[in-house]
Amino acid sequence: MDVVDLIPEYIWSKICDHLNVSGITSLSLTCRKLYFVINSDLFWSRLIYNQFGDKLRQRYLLDIFTSGTNDKSDMLASIETKTLYDSCLYGKTTFSDRNPDNYYAYLKSCYLLNECNRYILNKLEPVKTKMCLSVNNFRSNIHYHQFKSEYLTCEYRSIIPLAKLMYFYLIDQKRVAATDMISFDNDTHPTEKIAEITCLNGYYVRVDNNIAGELRGIFHSVVPGNYEIIWRLKVVKISDKTDRTVRFNGLCEFQAIPDYGIICKKSFSSTRRSPHWFSQMEMRKDWYLQSTGTFVIYEMSTVYFSTVISMLPYWPYAVDLDYVELKVVHDNNSNFMLRGLEEITKLDCPKLPPIHPFHG
C-alpha cells in the first residue's frame with residue numbers, strides 16, 4: 001500500500017493549511033490519490049473553516065445559496081417615481097447622465113437603506129431583503145482580480161468544486177490601482193503618474209490643488225456579504241506657506257455603491273487653521289491603509305467606487321493614491337446604519353455540521 005493511502009484526509013488538510021495556493025496545486029499533481037483528495041468540496045470547505053471561521057463558511061457555502069430570491073417589485077416601483085435632479089445628493093460629478101448605471105445603483109441603495117433603518121428604528125416588520133445567490137449565477141459570473149479568470153472556461157467552471165471557487169474568491173485580493181481608475185471629467189485614465197516600486201502596478205497618482213482629484217472605478221461580480229473598502233494612500237506636504245487669516249478647505253470624500261446593497265460613504269475635511277486629518281496623515285511619512293467604511297451586499301453586484309479630493313489654491317498638502325481594495329469581513333458596521341443589521345436580517349437557515357479542527 002502506498003504511504004499516501006495511509007495518511008488520513010484530515011491530515012492532508014492540516015498540511016495544506018501551511019501551504020500557499022501554488023503549493024497546494026503542486027501537491028495535488030503528485031499522485032492520483034491527492035488529486036481527488038484536494039479536488040473535493042470537503043477539502044476546500046475545511047480550508048475556508050480553518051482560515052475564515054465557521055461563520056463565513058456557513059454564509060458562503062450554504063446561507064446565500066439557500067435563501068431564495070428577493071422581491072424587487074416595491075423597490076423598482078419606488079425608483080421609477082424618482083428623477084435625476086430631486087434624488088441625487090452628490091451632484092453631477094458623481095452621478096452624471098454619462099453614468100446612468102451607478103446612478104441607478106445609488107437609487108436602489110437608498111431604498112434598501114431606508115428599508116433597513118425603518119425596521120431598526122420602528123421595529124414594524126422584519127427586513128425583507130436577504131443575501132442570496134444561485135449556484136449557476138455564481139459559477140457563471142465569478143471574477144477574480146489576483147488570479148487569472150480567463151482560464152475559467154464555461155466547461156471548467158461547471159466541474160470545479162463549488163467550495164474551491166469560493167475559497168479562491170475569499171482569498172483573492174480585490175484591488176484596483178489608481179492609475180486604472182477613470183477621471184470624471186474626460187473618462188480617461190490619469191495621465192500624471194509617479195513611479196514607485198512598492199505600488200500595486202509600479203505607479204501612483206498624486207492629487208493636489210493643480211490636479212483634479214475626481215476618480216472612479218468598478219469592482220465586478222462581487223458576491224453577497226459584508227465588505228470593508230480600504231484605500232492605500234499617503235498625504236505629503238508640498239508647501240510651507242501659511243496664511244492663518246484665511247480658511248482654505250481641503251476635502252477627501254470616498255464612496256462605494258453596489259448594484260444591490262447599501263451605500264458606503266466617508267469624508268475627511270480640514271481647514272488651514274485646523275488641518276486635522278491631513279496633518280495627522282502627513283506625520284505618518286509613509287503609505288497608510290485608510291478604511292472608509294463597511295457595507296452590505298445582498299445579491300451579486302457591480303460595485304461603483306469613487307473619490308473626490310478637493311483642495312483650494314495654496315493648500316499645502318497633496319494626496320498620493322495607490323489602490324483601493326475590497327475586503328471580505330464578518331460584520332457590517334456602516335456609519336449609514338445602526339449596528340445590529342446582521343442579527344436583524346439573519347435567516348432561519350439550515351446549519352452546516354461543525355468541523356473539528358483535526359477530524360473534519
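Visitor: How many bridges join β6 to strand β11, and how do the two run?

Guide: In this predicted model, 12 bridges join β6 to strand β11 (residues 317–329), and the two run antiparallel. Two strands pair if DSSP finds at least two bridges between them, and strands themselves are DSSP runs of E with at least two residues, as helices are runs of H or I with at least four residues, all numbered from the N terminus. Within this pairing, Leu233 stands opposite Leu321 in β11.

Visitor: What joins β6 to strand β9?

Guide: Here 8 bridges join β6 to β9 (residues 288–297), and these strands run antiparallel; Ser291 in β9 is the bridge partner of Ile230.

Visitor: Why is strand β6 called largely enclosed?

Guide: Buried means under 20% relative accessible area, with exposed over 50% and partly exposed in between, using a 1.4 Å probe and protein chains only. Because 12 of the 13 residues of β6 (residues 225–237) are buried, the strand is largely enclosed by the rest of the structure.

Visitor: Why does Arg232 count as buried?

Guide: Arg232, which is found in strand β6, has 15% relative accessibility and therefore counts as buried.

Visitor: Which residues does Arg232 touch?

Guide: Taking contact as heavy atoms within 4.5 Å, and not counting residues up to four places away in sequence, Arg232 touches residues including Thr198, Trp287, Leu289, Asp320 and Tyr323. The C-alpha atoms of Arg232 and Leu289 are separated by 4.6 Å, although these residues lie 57 residues apart along the chain.

Visitor: What joins the side chains of Arg232 and Asp322?

Guide: They are joined by a polar contact of 2.6 Å. That term requires a pair of N or O atoms within 3.5 Å, and within protein one must be able to donate a hydrogen and the other to accept it, while residues adjacent in sequence count only if both atoms are side-chain atoms.

Visitor: Why are helices α5 and α6 called oblique to each other?

Guide: The axes of α5 (residues 41–52) and α6 come within 7 Å and cross at roughly 140 degrees. Angles under 35 degrees count as roughly parallel, over 145 as roughly antiparallel, 65 to 115 as roughly perpendicular and the rest as oblique, and α5 and α6 are therefore oblique.

Visitor: What makes helix α6 mostly covered?

Guide: In α6 (residues 54–61), 6 of its 8 residues are buried, among them Leu56 and Tyr60.

Visitor: Which rules apply to the numbering and to the predicted model?

Guide: Residues are numbered from 1 along each chain as its sequence is written. Local features need pLDDT of at least 70, side-chain atom pairs count only at pLDDT 80 or more, and totals for chains, interfaces and linings use all residues, while side-chain values use heavy atoms, with hydrogens and water left out.

Note on methods: Axes fitted to C-alpha atoms, helices over the stretch in contact; angles between N-to-C directions.
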